[in-house]
Amino acid sequence: MSGDTRAVVVTGASRGIGHAIARRFLAEGWRVITCARADVPKECMMDRNWASHIVADLADPDSAQSFVAEANAILGEAPLHALINNAGVSPKTPYRERLGVLNGPIDGWKDVFELNFFAPLRLARGFASALHRGKGAIVNITSIAGHYVHPFAGSAYSTSKAALSGLTREMAAEMAQLGVRVNAVAPGEIRTAMISPEYEALVPRIPLERMGTPEDVAGTVFRLCGDDFAYVTGSEVFVTGGQHLY
Ligand SMILES: NC(=O)c1ccc[n+]([C@@H]2O[C@H](COP(=O)([O-])OP(=O)(O)OC[C@H]3O[C@@H](n4cnc5c(N)ncnc54)[C@H](OP(=O)(O)O)[C@@H]3O)[C@@H](O)[C@H]2O)c1
């Protein structure tokens with residue numbers, strides 16, 4: 001990859017928030033490298049700035065490592081300007097409850113942490129050199145559920161996101177020496193495949209009186225990676241319509 005165009009890696013871009021993030025960067029003229037377990041729709045690949053979509057399972061450390069190697073090979077010596085750790089999972093037990101302290105397999109917690117916590121750590125390390133070359137920015141997608149008990153999210157998911165919020169702070173401190181900024185975006189209730197119909201009941205708790213859209217999150221993520229935020233690192237922005245105020 002060469003030229004003056006800025007480059008971003010976005011994980012979990014086959015649908016939902018990650019897809020909207022990839023599209024926002026594309027609309028702003030960036031080149032995007034994405035991954036997910038599924039392909040992205042064919043029309044996406046017709047955009048020549050959607051440089052590559054790599055099929056990878058980031059919950060599998062070997063697959064995550066292969067993704068990093070393949071994406072770095074595409075970059076070559078070119079800088080990376082942003083890494084968006086978006087891919088995440090909020091699993092249900094075989095009985096369709098969320099994984100909690102008292103229900104569901106404990107090994108299921110390890111799977112949740114592998115994707116929601118360890119994958120961002122592996123990718124931050126794997127792309128550190130390329131991000132250093134680009135004086136780039138990392139944005140970790142955390143959650144309101146990492147800060148407050150959420151009625152539907154489940155403890156495994158919520159604690160993995162709380163850990164990712166903590167990791168954002170530590171990454172920001174350690175990666176500052178590379179000239180890399182690290183921030184988090186914590187969405188509230190965003191209309192995607194991750195949420196189920198019962199989430200509608202939460203709308204009266206949202207001061208802005210609506211659920212969020214993937215584009216609401218994508219806009220915030222994009223801005224955080226821009227020069228206007230050059231002195232902002234170690235921060236977490238709530239994209240919740242004010243839900244976190246209560
Ligand atoms: N929606 C909300 O209300 C909400 C609220 C707070 C935080 N968040 C966070 O926002 C992020 C995106 O959520 P979303 O609502 O857009 O979820 P989503 O619609 O379920 O999309 C998740 C994305 O991650 C990918 N993914 C899942 N498992 C993966 C794996 N093992 N390896 C690689 N990619 C994987 C999925 O693609 P494949 O299935 O093709 O792999 C998909 O592209 C997550 O981190 C989530 O925790 C969402």
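Colleague: How many aromatic pairs does the structure hold?

Modeller: The structure holds 7 aromatic pairs. Bear in mind that this is a predicted model.

Colleague: Take Trp 30 and Phe 222. Stacked or edge-to-face?

Modeller: Edge-to-face, because the ring planes of Trp 30 and Phe 222 stand at 75°, and over 60 degrees counts as edge-to-face. The ring centres are 6.1 Å apart.

Colleague: And where do Trp 30 and Phe 222 lie?

Modeller: Trp 30 is in the loop between H1 and E2. Phe 222 is in helix H6, residues 214–224. The pair therefore ties together parts that are 192 residues apart in sequence.

Colleague: Which residues lie nearest its centre?

Modeller: Arg 15, Gly 88, Val 89, Ser 90 and Met 194. The lining of that pocket has 47 residues in total.

Colleague: What's the split by class in the lining of the largest pocket?

Modeller: It has 25 nonpolar, 14 polar and 8 charged residues.

Colleague: Which helices and strands each supply at least two residues of that lining?

Modeller: Helix H1 (16–27), strand E2 (31–36), helix H3 (106–126) and helix H5 (155–175). H3 gives the largest share, with 4 residues.

Colleague: OK, the second largest pocket. How much space lies there?

Modeller: About 180 Å³.

Colleague: Which residues line it?

Modeller: Leu 121, Ala 124, Arg 125, Leu 167, Glu 170, Met 171, Glu 174 and Met 175. H3 and H5 each supply at least two of the lining residues. The largest share, 5 residues, comes from H5.

Colleague: How many polar and charged residues are in the lining of the second largest pocket?

Modeller: No polar residues and 3 charged ones. The other class, nonpolar, has 5.

Colleague: What lines the largest cavity?

Modeller: Thr 11, Leu 58, Asn 85, Asn 86, Ala 87, Leu 115, Ala 119, Pro 120 and Leu 123. H3 supplies the largest share of this lining, 4 residues. By class, the lining has 6 nonpolar, 3 polar and no charged residues.

Colleague: H3 again. At roughly what angle do the axes of H2 and H3 cross?

Modeller: Roughly 35°. Helix H2 covers residues 61–75, and its axis comes within 10 Å of the H3 axis.

Colleague: Is that crossing of H2 and H3 left-handed or right-handed?

Modeller: The crossing is right-handed.

Colleague: Which residues meet there?

Modeller: On the H2 side, Pro 61, Ala 64, Phe 67, Val 68 and Asn 72. On the H3 side, Glu 114, Arg 122, Leu 123 and Gly 126. By class, the contact of H2 with H3 has 5 nonpolar, 2 polar and 2 charged residues.

Technical notes
Residues are numbered from 1 along each chain as its sequence is written. This is a predicted model: local features need pLDDT of at least 70, side-chain atom pairs count only at pLDDT 80 or more; totals for chains, interfaces and linings use all residues. Side-chain values use heavy atoms; hydrogens and water are left out. On a 1 Å grid over the protein atoms alone, a cavity is a set of points where a 1.4 Å probe fits but cannot get out, and a pocket is an open set with protein on both sides within 12 Å along at least five of seven lines; lining residues have an atom within 4 Å of a point. Ala, Val, Leu, Ile, Met, Phe, Trp, Tyr, Cys and Pro count as nonpolar, Asp, Glu, Lys and Arg as charged, and the others, Gly among them, as polar. Grid points are joined across faces, edges and corners, and a volume is the space filled by probe spheres set on the points. Axes are lines fitted to C-alpha atoms, for helices over the stretch in contact, and angles run from 0 to 180 degrees between N-to-C directions. A crossing is left-handed if the near helix is turned anticlockwise from the far one by less than a right angle, and right-handed if clockwise. Contact means heavy atoms within 4.5 Å. Rings of Phe, Tyr and Trp (its six-membered ring) pair if their centres lie within 6.5 Å; planes under 30 degrees apart count as stacked, over 60 as edge-to-face and the rest as tilted.
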